[in-house]
Amino acid sequence: MAKNENGPLFETRAVKGRFLFRLFAASMAVGIGFICYYRLRLLPVASGKLERWAWIGLFHCELWFSFYWFLTVICRWNPVYRFPHKNRLSLRYEKELPGVDIFVCTADPSAEPPSMVMNTVLSVMAYDYPPEKLNIYLSDDGVSELTFYAMLEASSFSKQWLPFCKKFKVEPRSPEAYFRTAVELDSHHPLMLKHWLFVKYLFPF
């Protein structure tokens, strides 16, 4: 437990394929160098003034785009992925986590079906966050009775859905998405199978 609390909060991993990108960037840099050499070496002297200024203008444009390309290469030179350790973050800072207010807005039940809105509400209610610091608000600008009664059904269903999510680490946490994508459970998890069938039976949307 103490090791997890004092360990790093995230892990850094290098992106694969960096060598190929750097090889490509080096070849581009060589090409840009040849273009600059060509512009400077063959700068028209005997030609007319208009041709010379056109040549210089093109050279300035190429320098600007070369500088922009150089900036983008710097940003992509050493890409990494950072994977946070959520359990360590929770152990170390759970008491210091701020309160979060989430507003779910809807207006027209014909354009935004109440089933979709309720699945959104249930999914944010199931966030892996201290429940005493998480507040969910539903704003119905259309004042729809259909949305109101759907919210009552969702409130009743949440009493079974939220404990199910926390107990079995369900992903995704939108009920509709979960029951649509969940693979059929086998008999090796009789307790989860029992809860899964019960919650799915109660699912009102």
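This is a predicted model: local features need pLDDT of at least 70, side-chain atom pairs count only at pLDDT 80 or more; totals for chains, interfaces and linings use all residues.

Colleague: Where does Glu112 lie, and what makes its link to Thr106 a polar contact?

Modeller: Glu112 is in the loop between E3 and helix H5 (114-125). Its side chain and that of Thr106 make a polar contact at 2.6 Å, and the cut-off is 3.5 Å between N or O atoms, so the pair qualifies.

Colleague: Which residues does UniProt list for "binding site"?

Modeller: The unreviewed UniProt entry lists Glu112 and Asp141. They are spread over 30 residues of sequence yet cluster in space, with a largest C-alpha distance of 11.9 Å.

Colleague: Why is Asp141 called exposed?

Modeller: Asp141 has 61% relative accessibility, so it counts as exposed; the label needs over 50%. Setting aside neighbours within four places in sequence, Asp141 contacts Thr106 and Ala107. Glu112 also touches Thr106 and Ala107, along with Cys105 and Val117.

Colleague: And what makes Gly99 exposed?

Modeller: Gly99 reaches 59% relative accessibility, so the exposed label applies. This residue sits in the loop between helix H4 (86-93) and strand E3 (100-106).

Colleague: How do you know that the span of helix H2 agrees with its number of residues?

Modeller: At 1.5 Å a residue, the 24 residues of H2 (18-41) should span 34 Å, and the end C-alpha atoms are 34 Å apart, so the two agree.

Notes:
Residues are numbered from 1 along each chain as its sequence is written. Side-chain values use heavy atoms; hydrogens and water are left out. Helices (H or I, at least four residues) and strands (E, at least two) are DSSP runs, numbered from the N terminus. The expected span of a helix is 1.5 Å times one less than its number of residues. Buried means under 20% relative accessible area, exposed over 50%, partly exposed in between (1.4 Å probe, protein chains only). UniProt positions are given in the numbering used here, feature names are shortened, and annotations may be inferred rather than shown by experiment. Contact means heavy atoms within 4.5 Å. A polar contact is a pair of N or O atoms within 3.5 Å; within protein, one must be able to donate a hydrogen and the other to accept it, and residues adjacent in sequence count only if both atoms are side-chain atoms.
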